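Dear colleague,

Please find below the structure that I am handing over to you. My notes on it follow directly after.

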Amino acid sequence: MGSWVKISKTENGFYVNLAEDQDKGATIKLLEEKGILTNEEQEMRMKKLYFNVGSIHIYNDDFLKTNAIEDNSIDLIVTSPPYNVDVQYENYSDDIPYDEYLVFTRKWLTKCYSLSKKDGRLCLNVPLDKNKGGQQSVCADITTIAKSIGWKYHATIIWNEQNISRRTAWGSWLSASAPFVIAPVEVIIVMYKKRWKKSRKGKSDITRDEFIEWTNAVWNFSGESKSKIGHPTPFPVELPKRCIKLFSFVGDTVLDPFLGSGTTLIACLEMNRVGIGVEIDKKYCDLAIKRLKERGITQKKLIKMF
Ligand SMILES: C[S@@+](CC[C@H](N)C(=O)[O-])C[C@H]1O[C@@H](n2cnc3c(N)ncnc32)[C@H](O)[C@@H]1O
């Protein structure tokens with residue numbers, strides 16, 4: 001059976017209306033094969049677009065559910081997922097059993113894999129391990145899950161936050177009975193989808209000194225203040241900035257599926273990358289918008305959808 005549609009071009013791209021008397025299922029399948037969105041799909045995607053100025057986009061949505069981002073479209077993912085260390089988020093429980101946390105991890109890493117281009121890369125900021133409520137090898141477990149999905153391993157960067165906080169938990173003090181050994185560092189796991197070498201030429205904006213310093217996989221810079229930013233777990237702009245300059249070309253598309261206070265998009269704005277952020281909590285979307293405005297995102301072009 002033939003499939004008939006009316007295609008019209010608008011500012012937002014092509015809109016497709018299905019003819020009423022046609023086999024809808026067959027038509028949608030055909031459109032999907034051609035990478036064309038139906039009118040309904042376009043509207044669904046637009047609905048969750050919370051903020052868009054130029055090349056910066058924020059979706060207020062559950063990353064696991066969003067259909068706003070096209071498969072095979074992302075050059076670089078920079079993110080720090082919920083750590084499952086009982087941080088008080090409003091829309092998300094950060095204190096689930098560890099095996100459930102790993103199931104959640106598998107789901108979002110699988111989705112990231114589908115959204116990435118063949119030479120797409122992933123920079124994943126997580127704790128090296130978990131010490132409270134039972135020791136867990138977080139970095140090793142997440143790396144293993146990512147590899148089982150298809151992600152290929154490139155490196156692990158140690159981020160020494162230089163937090164000079166006073167140790168209180170020693171386990172058995174001055175005794176070999178049961179001492180606690182704690183590494184006050186986080187990591188950035190660097191992976192890629194199918195091939196490490198970029199298939200196309202692009203413009204890099206990293207300086208000689210930055211390249212030499214940042215390719216040494218021990219990074220020393222301070223963490224970000226929760227109270228200053230107004231989010232329980234922000235990373236400093238320095239973290240996505242380094243990942244973006246080191247691992248993507250100018251103009252590439254960068255995704256943060258757990259946007260939080262918008263730090264990755266600030267780095268995208270400053271480094272001239274297309275930035276897409278997804279955040280489940282509207283309050284943090286607003287915080288991200290506020291921070292982007294403070295960093296000079298063009299006021300007159302501002303479109304806030306809701
Ligand atoms: C570790 S924080 C990210 C902090 C961020 N890097 C920053 O600098 O502010 C994780 C964020 O993921 C959000 N989140 C949790 N589950 C989510 C989901 N399913 N989809 C989208 N965002 C989610 C939380 O609300 C939280 O803001």
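**Findings**

Of the 306 residues in the chain, 30% are buried, a residue being buried if 20 or more other C-beta atoms lie within 10 Å of its own, exposed if 12 or fewer, and partly exposed in between, with C-beta atoms placed from the backbone. This is a predicted model, in which local features need pLDDT of at least 70 and side-chain atom pairs count only at pLDDT 80 or more, whereas totals for chains, interfaces and linings use all residues. Residues are numbered from 1 along each chain as its sequence is written.

The chain contains 9 helices and 12 strands; these are DSSP runs numbered from the N terminus (helices: H or I, at least four residues; strands: E, at least two). Two residues are in contact if their C-beta atoms, placed from the backbone, lie within 7 Å. Among contacts between residues at least 6 apart in sequence, 67% join residues at least 24 apart.

Two helix pairs involving α8 may be of interest to you. Helix α8 (residues 263-271) packs against helix α9 (residues 282-294) at an angle of about 30°, and their axes are 9 Å apart. That makes α8 roughly parallel to α9 (angles under 35 degrees count as roughly parallel, over 145 as roughly antiparallel, 65 to 115 as roughly perpendicular and the rest as oblique). Axes are lines fitted to C-alpha atoms, for helices over the stretch in contact, and angles run from 0 to 180 degrees between N-to-C directions. From α8, Leu265, Ile266 and Leu269 meet Ala288, Arg291 and Leu292 of α9. This contact of α8 with α9 has 5 nonpolar, no polar and 1 charged residues (Ala, Val, Leu, Ile, Met, Phe, Trp, Tyr, Cys and Pro count as nonpolar, Asp, Glu, Lys and Arg as charged, and the others, Gly among them, as polar).

Helix α7 (residues 238-247) crosses α8 at roughly 50°, the axes coming within 8 Å; the two helices are therefore oblique to each other. Pro240, Lys241, Ile244 and Lys245 in α7 meet Thr263, Thr264, Ala267, Cys268 and Met271 in α8. By class, the contact of α7 with α8 has 5 nonpolar, 2 polar and 2 charged residues.

The ligand is surrounded by 21 residues, the closest being Phe63, Phe258, Gly260, Ser261 and Thr263; a residue counts as near if its C-beta atom, placed from the backbone, lies within 6 Å. The shell divides into 11 nonpolar, 7 polar and 3 charged residues.

Yours sincerely
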